[in-house]
Amino acid sequence: MTTDLPTAADAAHLTEALRKSGVLGQSRVIDVAVEKSFATVLSHIFRLRLTYDDGAVGAPASLILKAGLPGRAGGPWIGGRHEVAFYTEVAAAMPPGHVPRCFDADWDPDTGAWHLLFEDLSESHFIATQWPLPPTLAQCESIIRMRARFHAAWWDDARLGVTVGTWQDAQATEQSTRNLMDQYASLADDLGERLSVERRELYARLFDAPPRLTARYHSRRHMTIVQGDAHVWNCFLPRAGSTDAARLFDWDAWRVDVGSDDLAYMMAIHWYPDLRHRFERHLLDCYYDELVARGVQDYDRRALQEDYRLSVLWQTTTPIWQHAAGIPPVIWWNNLERIHLAVDDLGCRDLMAD
C-alpha cells in the first residue's frame with residue numbers, strides 16, 4: 001500500500017469501520033490497493049480496492065476515501081470538519097437514499113486531520129458532465145427533483161437549529177456582514193476598474209440593507225438544510241433505473257437556510273443567460289411540484305419565486321468569499337459575471353428598494 005496514504009486507508013482501520021457499519025462480519029481486510037487518486041481544490045480523493053480473507057460475503061469490493069490535503073490540516077478551512085458533522089449529525093438522522101452511504105467519518109480536533117469513507121458508486125452512477133459543461137434539461141430535472149426530495153425531508157423540521165445545525169441570531173448576522181464587507185473591500189481593491197460603478201453601488205446598497213433583507217431568514221419558516229455548494233457536478237445520477245436513485249455529495253458547506261439558495265447556486269451562479277432563460281422556470285416548477293408531492297404545505301409557487309430572487313441577490317456575495325478563500329479566479333470571476341447578469345434579468349435590485 002502507498003506509504004503516504006491517510007491512516008484511514010489502513011487495512012485494520014477499514015476492517016473495523018466496515019464491521020461497525022454492519023457490512024463485514026468476522027472476515028477482515030488483508031490488502032488495500034489504490035486504483036485512483038486525485039486532489040480537488042480542498043480535499044484528496046482515493047478509490048480503494050479491497051481484498052478480504054475468506055468469508056467476506058457481500059462486503060464492498062471498493063471504497064471511496066476523502067481526506068484533507070497535506071498541509072491544510074489544522075488550517076483555517078473548516079470544510080472537512082463541517083462535512084464530517086454532516087454525515088454524523090444529518091445523514092445519520094434521516095432515511096437512506098439521499099446521499100452516498102458513509103461507513104466512517106472522523107475529524108481530529110488536535111491536528112485538524114479528517115476523513116470520510118464512502119460506498120463506491122462508480123459503477124452504478126455517473127456525474128452528468130465534465131465541468132463547466134451544463135447537463136441536459138432531463139438531467140437537470142433529475143438533479144433538482146433529488147434536491148427537492150432532500151429539502152422536503154428536512155422542511156421546517158423541529159430539529160433544525162436544535163440538534164441539527166444552528167441558527168444565526170441578529171448579532172451573528174451583523175458580524176458575518178462586517179466580515180463580508182472586509183472581504184469585499186479586498187476584492188474590489190484587487191479588481192479596480194474591472195468592477196463597474198454600477199456593481200459597486202449594488203454591493204453598497206446590499207451591505208446597507210441587511211436587517212430587511214435578512215428578515216426572511218430570521219422568520220425561521222419554510223427552512224431546510226441546504227448543501228451550499230449545490231452545483232450540478234455534486235450529484236451522482238444513476239446509470240439505470242429510477243432517478244430517485246440519484247445521490248447528492250460534497251457537503252462541506254451545508255447549513256440551515258432557505259432551500260432556494262441551493263437553486264440559485266445551481267442555476268444563477270453557474271449558467272449564462274441563454275441556457276438559464278430556457279431552463280430556469282421549468283426547473284423551478286419541477287422543484288416546487290416535488291416539494292408538494294413530498295408533503296410540503298402552505299408554501300406556494302409565488303413564494304418560491306420570491307425566495308429565489310432574494311437568493312440570487314445574496315449569491316452576489318459568493319464570489320467575494322471565494323476570492324477570500326483563495327479559490328482560483330477561473331471560478332470566482334466567471335461566477336461574478338454570471339450572478340450579476342441573473343440579478344439584472346430577475347430584477348433583484350428592486351428587493352433593495354426603500
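A pocket, in the sense used here, is an open set of grid points where a 1.4 Å probe fits, with protein on both sides within 12 Å along at least five of seven lines. In this predicted model, the second largest pocket holds about 340 Å³ of space. Its lining is made up of 18 residues, and those closest to the centre of the pocket are Ala-91, Ala-92, Pro-100, Arg-101 and Cys-102. Two elements, helix α2 (79–90) and strand β4 (102–107), each give two or more residues to this lining, and the largest share, four residues, comes from β4. When the lining of the second largest pocket is sorted by class, eleven residues are nonpolar, three are polar and four are charged.

The crossing in which α9 passes α12 is right-handed.

Which residues meet where α9 and α12 come together? From α9 the contact takes in Pro-273, Arg-276, His-277 and Glu-280, while from α12 it takes in Leu-341, Ala-342, Asp-345 and Leu-346. By class, the residues in this contact of α9 with α12 comprise four that are nonpolar, one that is polar and three that are charged.

How values were computed:
Residues numbered from 1 in each chain as written. Predicted model: local features only at pLDDT ≥ 70, side-chain atom pairs only at ≥ 80, totals over all residues. Heavy atoms only, no water. 1 Å grid on protein atoms, 1.4 Å probe; cavity = no way out; pocket = protein on both sides within 12 Å on 5 of 7 lines; lining within 4 Å. Points joined across faces, edges and corners; volume = space filled by probe spheres on them. Nonpolar A, V, L, I, M, F, W, Y, C, P; charged D, E, K, R; others polar. Left-handed = near helix turned anticlockwise from the far one by under 90°. Contact = heavy atoms within 4.5 Å.
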